[in-house]
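Subject: Structure handover

Dear colleague,

I am passing on the structure below, and my notes on it follow. Please keep it open while you read.

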Amino acid sequence: MSVPGGLVRIGAVARKEFRHLGRDWRVLAAVLVLPIFELLLFSYAISFDVRDVPTVVVDADRTPASRAYLQAYETSTFFRVLGEASDADAADRLFDADAARVVVIVQPGFERAIAAGEKAQVGVLIDGSEPNAARIGQTYALALNQVYGQQIAAQWADRQGLDLSASGRLEPRLRTWYNPERSSSIFLTPGLMVVIIMIVTVQQTAVSLVRERDLHTQEQLLVSPLRQVELMVGKLLPWTLLAFADMLVIAGLGLTVFGVPLRGSVAVLAGASALFVFCSLGLGLLVSAVAPSMETANILALLGSFLPAFLLSGFAFPLESIPAPLQWLSCLFPARFMVSISRAVFLKGAGLAETWPDVAALAAYALVVLVASTALYARRSRR
């Protein structure tokens, strides 16, 4: 059975591209090894978990009650008490030297105020130069003081002979779904897969096509029996296969090394990943159509892949928290849809019924960007 001539020509271009990759081990390492290195680096380096915040205490009362209060900070997993300062003026020096993030000050008369049923004064100073830790530290401090205040109220009621067990109480039952340990790696890894694949696919595709112009081999390809579509498919086929290989390796590392659960439909994830790869290939073609040199292609591909994928995809920051114009701008980049699909499938057990709007957006995006980039590249090639 004879093979159609178009497939033969596509296979010839694809084999040429694989030979180029085999000769240049640096590019092959960048495509296959660098994504794994980036996944490990980002997963361990980027963390939103806040714990063991350096804390210094100032006990100006020096009574059993003040020591019992400060003991609550020492037993907390959030605060890490480094020691005790002599006075409240030390807070400025500690913050300036980055020696502490929280300073807890117990004012004189703390035990006397509690014994008299009055409000005891305590100060919790928080270094706000790191906003995330400051917000969480304020929340933890308020919760710790509220719990300690309830214990004081219960002790006072016992001394007065009051039975608080007969009074109504609110008992909240809190439960965290999808990520009970609230681990940053489980939250970040599904999005990291998208960011890394987009960077590698867009950048390598753009550089590969511009290289043909720089080496003056594009004219030879254009005068050959190859059709424009066959040339594009043959050029992009190796990068498509490598992108799928990267996706499988990164997903396997996420499942085995970082313990990311895969609760949803594998078929939906695979189909959406294929559409996302096509979207990224189309973006690479767009870059190659407008970039006059490899250096320009590298810069444009990096700016058009890394920054949008990192900042405008919901990978690191919720899209709801950014201004509305930037939310609309995020729809111009496929990572915005793929991050949503990846997290929904991995963490929430979603299928096509829950993710179809994002899948449809990726399909439409892939169709538009591939058609537009192919037309632009063909027009650039005829010049």
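The second largest cavity has a lining made of Met193, Val194, Met247, Leu269, Ser273, Met338 and Ser342, where a cavity is a set of points on a 1 Å grid over the protein atoms alone at which a 1.4 Å probe fits but cannot get out, and lining residues have an atom within 4 Å of a point. Its space is about 30 Å³, a volume being the space filled by probe spheres set on the points, which are joined across faces, edges and corners. The helices α8 (184-214), α11 and α14 each give at least two residues to this lining; helices are DSSP runs (H or I, at least four residues), numbered from the N terminus.

This is a predicted model, in which local features need pLDDT of at least 70 and side-chain atom pairs count only at pLDDT 80 or more, while totals for chains, interfaces and linings use all residues. Residues are numbered from 1 along each chain as its sequence is written, and side-chain values use heavy atoms, with hydrogens and water left out.

Helix α11 (residues 266-290) packs with helix α14 (residues 335-348) at an angle of about 165°, their axes being 10 Å apart; axes are lines fitted to C-alpha atoms over the stretch in contact, and angles run from 0 to 180 degrees between N-to-C directions. That makes α11 roughly antiparallel to α14, since angles over 145 degrees count as such. On the α11 side the contact (heavy atoms within 4.5 Å) includes Leu269 and Ser273, and on the α14 side it includes Met338 and Ser342.

Best wishes

Definitions and conventions. Angles under 35 degrees count as roughly parallel, over 145 as roughly antiparallel, 65 to 115 as roughly perpendicular and the rest as oblique. On a 1 Å grid over the protein atoms alone, a cavity is a set of points where a 1.4 Å probe fits but cannot get out, and a pocket is an open set with protein on both sides within 12 Å along at least five of seven lines; lining residues have an atom within 4 Å of a point.
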